Structure formats: C-alpha cells, structure tokens
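Good morning, and thank you for joining. Please look at the sequence and the model first.

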Amino acid sequence: MDWLLLAEHNPLFREGLATLLEWHTGLGSVYVGSLAEAKGVLEEETRKPACIIVDLDLPDGGGNELLEQLDGIPVLALIKERSLKRQAEAMGLGADEVLLTGSVEKIVAAVERLIGR
C-alpha cells in the first residue's frame with residue numbers, strides 16, 4: 001500500500017494534516033517532527049512513499065537537506081512566509097511544489113496532483 005511521509009515540527013498541524021490527507025487521498029501517513037526522524041524513516045522503509053511533504057524549517061536542520069537526498073519521489077515543500085528566494089531554492093533542489101504552511105486546502109490539492117489522484 002502507498003503511503004505519505006509528512007515531516008512537520010508542529011504536532012497539532014502535522015496530525016490534523018495527516019488525517020485530512022488520508023481522508024482525501026486514502027493514503028496513510030508516517031509523520032515525523034524532525035529531519036533526523038525523516039531520514040530514519042526513509043532509510044528503514046523498503047518502499048518509497050508516494051509523496052513527501054516537508055517543512056523547510058525543521059528544528060534540527062532545514063528541509064532542504066532532505067530534498068537533496070530524494071530522487072524520483074514527488075515532494076511538496078512547506079514554508080512559513082512567502083519568499084521567492086526560498087521557493088526557487090527548494091525547486092532547484094527537487095521540490096515539485098512549494099506552498100505556505102497554513103493553507104491546508106492548497107496542501108491537500110497539491111498532494112492529490114502530485115500523486116495523480
């Protein structure tokens with residue numbers, strides 16, 4: 001079964017978004033609160049996630065570091081504030097889309113596009 005990886009440091013937002021994504025996509029999420037946890041999940045899993053949603057402001061390092069390690073997995077990067085520089089940087093490192101963290105409807109729609117649903 002396909003799954004989503006959600007790397008977001010705010011536990012309430014993370015859990016709410018995971019629930020909403022499952023409701024809309026039918027895919028369960030593995031969610032983590034740090035860069036180290038995200039790397040650990042990707043190393044342990046034998047199957048790649050259908051999509052990765054990553055906050056670029058994780059407490060133990062920028063999500064950009066995670067973007068550099070991904071290959072062929074659709075990635076939605078989340079940023080706190082609108083910044084063309086950060087958006088371009090994330091896209092250059094392999095993010096398919098970059099959105100503001102607070103717009104859950106846009107996040108769900110982007111994930112649905114990225115996984116082809």
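Predicted model: local features only at pLDDT ≥ 70, side-chain atom pairs only at ≥ 80, totals over all residues.

I begin with Glu8, which is buried yet has no salt bridge; the nearest side chain of opposite charge, that of Arg14, is 6.8 Å away. Buried here means under 20% relative accessible area, exposed means over 50%, and partly exposed lies in between, with a 1.4 Å probe and protein chains only. A salt bridge is a side-chain nitrogen of Lys or Arg within 4 Å of a carboxyl oxygen of Asp or Glu. As to charge, Lys and Arg count as positive, Asp and Glu as negative, while His and the chain ends are not counted.

Residues are numbered from 1 along each chain as its sequence is written, and side-chain values use heavy atoms, with hydrogens and water left out.

Where does Glu8 lie? Its place is the loop between β1 (3-7) and α1 (11-25); helices (H or I, at least four residues) and strands (E, at least two) are DSSP runs, numbered from the N terminus. A polar atom of the Glu8 side chain lies 3.0 Å from the backbone nitrogen of Asn10. Beyond its neighbours within four places in sequence, Glu8 is in contact (heavy atoms within 4.5 Å) with residues including Phe13, Asp55 and Thr101.

How many salt bridges does a search of the whole structure find? The number is 2.

In one of them, Arg113 pairs with Glu97, the closest N and O atoms being 2.8 Å apart. This pair links distant parts of the chain, with Arg113 in helix α5 (residues 104-115) and Glu97 in strand β5, 16 residues apart. Is Glu97 buried or exposed? Glu97 counts as buried because its relative accessibility is 18%. Arg113, at 52% relative accessible area, is exposed. Strand β5 covers residues 97-100, and the contacts of Glu97 outside its sequence neighbourhood include Val75, Met91 and Leu114.

Arg86 and Asp57 also form a salt bridge, with 3.1 Å between the closest N and O atoms. Here helix α4 (residues 84-92), which holds Arg86, is linked to the loop between β3 (51-55) and α3 (63-67), which holds Asp57; the two residues are 29 apart. Arg86 counts as partly exposed at 25% relative accessibility, and Asp57 is partly exposed at 22%.

Definitions and conventions. Polar contact = N/O pair within 3.5 Å; in protein donor to acceptor, adjacent residues only side chain to side chain.
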